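Dear colleague,

Please find below the structure I am handing over to you. My notes on it follow directly after.

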Amino acid sequence: MATKILSAALIGLTAELVEVEADSGGGDFGQITIVGLPDTSVSEAKERVKSALRNCSCEFPRRKITVNLAPTNVKKHGSSYDLPIALSILALKNKFIANFDESLIVGELSLSGEVRSVNGILAIALKTKSLGIKNLFIPEENKQEARLIPNLKIFPVKNLKQLIDHFKNKKAISLYEEPPLDLKLFSNINRREPNIDFAVIKGQEKAKRALEIVAAGGHNILMIGPPGSGKTLLAQALPGILPPLSEEEALEVTNIYSVADELKNKLSLITERPFRAPHHSASGVALIGGGAWPRPGEISLAHRGVLFLDELPEFVRSALENLRQPLEEGLININRAAGSLKFPCRFILIAAMNPCPCGYQGDKKNICHCTDKKIVDYRHRISGPLIDRIDLHINVPRISFEKLENDNNGENSALIKTRVKKARRKQSKRFINFTFSTNAEMNNEAVRSFCLLDTEGRKLLKIAVSRLNLSSRSYFRVLKIARTIADLADSSLILPEHLAEALQYRPKIE
Ligand SMILES: [Zn+2]
């Protein structure tokens, strides 16, 4: 009877159980055929496994070998089946004493038999635990990641020989027994952007205030300003005033990075909010996610963090249109032949653009030579529905030299963060019975219950609706922002001044 080796397939962000078994017969070929919907990346395992077995001085059955990966309706991708395939072949000729039922095995093999790291270990470890499988055999390099899931026996494997000796009861692989990671002590090593403190950004009080509102309520923002006005710096400073990730959110984000192979050094837990700034030349797939073997895109890598799209009108239009569902629902549907996949992408969008193609419309020092038509065309590259999904719109002018010279440093990020955290706590309490947790995510019904105005406020809103010709979407948007402003001011009612400020952030492009 063939020996079944348990392994796992990654489907989107989750893992599924895969059983690997080998059979031999017919001919004296020493050939391997892999069946069970492998793609080309799995088929390449044949050469690696053959070579690795040879280099471990293992006897290779001199007959034709068929390896089956079950269930056969799940497409298999990647190199993580190398190790279970090698074991299943060895089991044809060797007597293994150990029981394979209690172990799940993943790992890529090098030609010399060394075990290499694989993606998605966190999802695989979670699946192993949920199936009640006790032991998890993984590449040595991935052991820190597996450590995030408690109550699982982790066996880090360096090479094939070690694994063979273990299952032959010759020499056991030592159990990895580090205590589970303490989220509070673990520092992040995945941070790509420098942590910009608000105190180093001179001037731009209005923009800083808007970003505080953005952080406090989880809103999106569009900054319009000439080159050199500091839009990028402002965007980079935003993660520094966001509240830290909760333990659950940290695992969620780490899982996405693990599946996308974006975890650096294979030992990290992501504890800080991601900041992603894809270039405008990024393809739709890179931005949104997808591909033959769907991979999370930039919007999912920005999950629970910040997505910065500089020079917004320069992005591929179809990719921008695909941002609508993520902005509304916090997830993206990726369609593929074998059904659709959902990737989470609840991010804060900071978009930035120049006021016109040359960048200097309205600038005091430089003259803009763009024609009206050119400016209109430029702005129309961003569709109305997308503009409609961005809560705050601000102008970020260039600051004068005098201001740069004289400006004392403003508040530092730590101070602003304290206020943001306080406002977020109010929202967590308010939305305790809801599926969302920030003002920005409120549906219309929630806006009606939680965005209460006093008499003066109602009067002001009525005037604004008629004079500014507010659409229904803008009406709700203004109230959500006003709610956040009131939360920052520690006021349960939305007062006229909160509403007046919220109205300033309405779209500058119509
Ligand atoms: Zn211009």
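Which residues of helix H2 (residues 45-55) are buried? In this predicted model, the buried residues of H2 are Ala45, Arg48, Val49, Ser51, Ala52 and Leu53. After H2 comes serine 57, which has a positive phi, near 55°.

I turn next to the sheet. An open sheet is built from five strands, ordered S11-S14-S17-S10-S18, with parallel pairing. At its edges lie strand S11 (275-276) and strand S18 (392-395), each of which pairs on one side only. Within the sheet, four bridges join strand S10 (residues 221-224) to strand S17 (residues 348-353) in the parallel sense. Methionine 223 has alanine 352 of S17 as its bridge partner. Helix H7 (residues 205-217) packs on this sheet and touches S10, S17 and S18. The direction of H7 makes about 165° with that of S18.

Finally, a word on confidence. The average pLDDT of the protein chain is 89, and 93% of the residues score at least 70. Residues 187-193, however, have a pLDDT below 50.

With kind regards

Conventions:
Residues are numbered from 1 along each chain as its sequence is written. This is a predicted model: local features need pLDDT of at least 70, side-chain atom pairs count only at pLDDT 80 or more; totals for chains, interfaces and linings use all residues. Side-chain values use heavy atoms; hydrogens and water are left out. pLDDT is the predictor's confidence in each residue, from 0 to 100. Contact means heavy atoms within 4.5 Å. Buried means under 20% relative accessible area, exposed over 50%, partly exposed in between (1.4 Å probe, protein chains only). Helices (H or I, at least four residues) and strands (E, at least two) are DSSP runs, numbered from the N terminus. Two strands pair if DSSP finds at least two bridges between them. Axes are lines fitted to C-alpha atoms, for helices over the stretch in contact, and angles run from 0 to 180 degrees between N-to-C directions.
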